[in-house]
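Subject: Structure for your review

Dear colleague,

My notes on it follow directly after.

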Amino acid sequence: MLYGLINLTWFDLITVGFTVIVVVVVQILNALWSLQESKGIDCIDKSLVSDDNVTKSLKINDATTKSVASPSLMGGTAAAAASFDRTSTATPPGTPTAAVAASTNGKLQKQQSEQCENHEDEDTISLENLLPCDHTEIYSSRKISYIIDELLQTEGNYINNLKRGMENYGNLDKYDKLPETLKGVGIQQQLLGNIGEILDLHEKQILPLMLGNQRDLKTMFDEMSSYIEKNNFYCYVTFTMHKKTSMQLRKDNREWFQNYQIEINDRLGIDSFLVQPIQRLTRYPLLLQQFISEFYKSGINCKPVLVSVCKLETRLRRLLEVVNQSEEVFNIDELPAELTPHLFGAFRRSTEFEAYSCRSRKKFKAKVFLFDQFLVCVEIRKRRLAYRNHYSWRSIELKLNSSKSVSLLLKAASGAGSIDRSSPLSSTSSSGGSGKNSRDNSIKEEYEFAAPEAISVTQWIRSARKIFENARIEESQRGKFSLPMDLVLAAVFAIWFIWQYL
């Protein structure tokens, strides 16, 4: 009787059963692949073992990475922005002046930075860090509460200032008296850069995150750290890269912008509007440094929050360094006609070295840029950056000779002018290797880079290691078949629908 009501056929049973089996098997395989992938990443962190499919031999002494002290907080563009905005930095009532504070607390801040670096490398999956702590003691501190309120208030003010600036200068194409030198969508993009992307990041993600977790500081700091780890703040790097072009446009049209500023009653002007992203990025670590300082002075016993704020402050300082360095990407001269910085991929870090070319046996002052797709070596000639070589990550290996020296090894088997056949770019380097199977003949030393301080090599190597890790993960995911969750749910619904109505 029941069989007659349902009226199933063998075709229905086979179709439904096969669909269920496929979905289950694919999800099990995805779980196993994810587990293997996580184990592979752990292996890379510890020993960075070679792999046949991707560039893979980065020999790093992890102890060196953890023992080096933290770098200075600011430099270059960010330092100028900080001095421009010094009066608006959060300063609780009753605190000493900047000069007195600098002379009194200099050693303390240095010690706190080193302690934060230790927290950065600390294992967060520990019982002490996972257990919740009482935030009452934190909020009972008047100065810490002031800093938190300042963080939230300045975030809202920053968003409002960006909105006002976009209203004033984001639709110049609609202005009748716009000069010919500022007309066109491309010119508008060069003038303002990707400041709209920065506004969306803070208005739709960062501010709601802060407001939703202002009573749970650990979650707030951890979420912001994850945004940096996921590269959501790369929009600041892109903005700084194109700053030179924007400044030249404003300089060429200075008189017109001054008249337009008076006409729209903008007291600050376009220069103040376009410097605010760097001001804001600089201000984050300054506020967090004040938070950490008060945390130590008050003797608050809430380690999970301290670990989280230290990690966030460390990541922000590193991001700030990369933002400062990115300004030089488009200053590289003598690039071959087929090369543009856009083809190198996302910028990660640059470091100044004393380079020794094993091929020409010459020493020169160099700056080495790390991108997602390529490593680019340039020569510093007074105030110019002259292009020398670029290498695909597939074609090279990096060897740490000492705490202050790194060797770049070129794989001779890749051949001259064919560093990466899957890429539209080709290296100008030539390789004299014969492509034999032995390692000595297939690996050839190309450059030796030496830095005056170990911290420079450590940070540069850390960035290179992340690129290797990302390349390995990307390579492992190629050819992997997976079903997105919405497709799985749709299949389940289809099975239910067939079972009920057909």
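Which residue forms a salt bridge with E180? The partner is K183, and the closest N and O atoms of the two residues are 3.1 Å apart. A salt bridge here is a side-chain nitrogen of Lys or Arg within 4 Å of a carboxyl oxygen of Asp or Glu.

Before the remaining findings, a word on the basis of these notes. This is a predicted model, in which local features need pLDDT of at least 70 and side-chain atom pairs count only at pLDDT 80 or more, while totals for chains, interfaces and linings use all residues. Residues are numbered from 1 along each chain as its sequence is written, and side-chain values use heavy atoms, with hydrogens and water left out.

Salt bridges

Side chains of opposite charge can pair when their charged atoms come close. A search of the whole structure finds 20 salt bridges. In the pair already named, E180 is exposed at 63% relative accessibility, whereas K183 is partly exposed at 38%.

A second salt bridge joins the side chains of E203 and K163, at 2.6 Å from N to O. E203 belongs to helix α10 (residues 195–212) and K163 to helix α8 (residues 142–169), so this pair ties together parts that are 40 residues apart in sequence. Helices (H or I, at least four residues) and strands (E, at least two) are DSSP runs, numbered from the N terminus. Both partners have intermediate accessibility: E203 is partly exposed with a relative accessible area of 29%, and K163 is partly exposed at 32%.

D271 is partly exposed at 33% relative accessibility, but R250 is buried at 8%. Elsewhere, D333, E334, E379, R381, R384 and R388 are linked in a network of salt bridges.

In α13 (residues 243–252), R250 is buried together with K243, S246 and L249. Viewed down the axis of α13, the buried residues fall within an arc of 125°, so they line one face of the helix; the arc is that of the directions from the helix axis to the C-beta atoms. K244, K251 and D252 are exposed on the other side of α13.

Helix α12 (residues 234–241) is mostly covered, with seven of its eight residues buried. The buried residues of α12 are Y234, C235, Y236, V237, F239, T240 and M241.

Aromatic pairs

Rings of Phe, Tyr and Trp (its six-membered ring) pair if their centres lie within 6.5 Å; planes under 30 degrees apart count as stacked, over 60 as edge-to-face and the rest as tilted. By this rule the count comes to 20 aromatic pairs. One of them is the edge-to-face pair of F221 and F291, at 5.6 Å centre to centre with 75° between the planes. F221 lies in helix α11 (residues 217–229) and F291 in helix α15 (residues 269–298), so the pair ties together parts that are 70 residues apart in sequence. F221 is buried at 2% relative accessibility, and F291 is buried at 2%.

W256 and F257 form another edge-to-face pair, at 5.2 Å centre to centre with 75° between the planes. W256 and F257 are both buried. They also belong to one aromatic cluster, which is formed by Y169, Y175, W256, F257, Y260 and F273.

Strands β7 and β8

Strand β7 (residues 396–402) and strand β8 (residues 405–411) pair in the antiparallel sense over six bridges. Two strands count as paired if DSSP finds at least two bridges between them. Two residues make up the hairpin that joins β7 to β8, and E397 stands opposite L409 in β8.

Yours sincerely

Definitions and conventions: Buried < 20%, exposed > 50% of the residue type's maximum accessible area, 1.4 Å probe, protein only.
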